[in-house]
Amino acid sequence: MGMDNLLLYVATYDDGATATDQYRSLKDAEASSDLEVVSSVVMRRGDDGRVAVDEHGTGQVAAGTWIGGAAGLVVGLFAPPLLAATAIGAGVGAISGAIAKKHDEKKVGLELEEYLPKGSSAIVAVIDDKYLDRIDAVLTKYTKKVDKAIDRDDYEALEKAISEGGDKIAKAIAS
């Protein structure tokens with residue numbers, strides 16, 4: 001897969017069941033066609049504002065189970081302050097903070113309140129833009145959708161920080 005034209009893709013749903021169903025449809029389409037997703041998660045935000053990662057690109061995650069770097073990468077690109085606030089480790093915290101600063105200064109990334117309001121769920125994925133039309137054809141039941149270019153340097157720096165952070169980042173996000 002080429003990594004030159006990455007997009008952050010967010011599809012927001014009013015309920016978790018629809019998001020989970022649509023996520024399974026995306027994974028089925030990926031398994032049966034010429035469609036690749038770099039990384040993906042289903043995020044849920046409770047009425048209390050807490051964010052949970054329900055599923056990610058390497059399989060389902062039960063409540064309280066540690067998640068790995070793929071989920072951390074997607075969370076960090078979608079909502080850098082969320083990852084920076086929960087990350088353990090200087091490397092992950094530093095790069096998340098840098099992405100969060102870009103987010104604030106240049107509107108890189110997305111607003112958590114807008115794309116994952118309380119009581120909603122979202123599929124958040126990193127994709128190559130050449131698959132955008134196919135993903136749009138699979139994910140059709142969203143209430144709000146956005147796709148936004150990802151700065152390759154931000155992607156690579158966050159990926160490196162997360163891979164070096166190991167289990168610490170997985171435990172932090174899952175808590």
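Is Lys144 buried, partly exposed or exposed? Lys144 is partly exposed, at 32% relative accessible area; buried means under 20%, exposed over 50%, and partly exposed in between, using a 1.4 Å probe and protein chains only. Keep in mind that this is a predicted model, where local features need pLDDT of at least 70, side-chain atom pairs count only at pLDDT 80 or more, and totals for chains, interfaces and linings use all residues. Residues are numbered from 1 along each chain as its sequence is written, and side-chain values use heavy atoms, with hydrogens and water left out.

Lys144 pairs up with Glu114 in a salt bridge (3.8 Å, N to O), meaning a side-chain nitrogen of Lys or Arg within 4 Å of a carboxyl oxygen of Asp or Glu. Glu114 sits in helix α5 and Lys144 in strand β6, so the bridge ties together parts 30 residues apart in sequence. Helices (H or I, at least four residues) and strands (E, at least two) are DSSP runs numbered from the N terminus.

Another pair, Asp34 and Arg134, meets at 3.4 Å, N to O. Here the link runs from the loop between α1 and β2 to helix α6, 100 residues apart. Asp34 is exposed at 53%, while Arg134 is partly exposed at 32%.

Now for the inside. Ser121, in strand β5, is buried at 1% relative accessibility. Its contacts (heavy atoms within 4.5 Å) include Ala11, Met43 and Leu116, not counting residues up to four places away in sequence.
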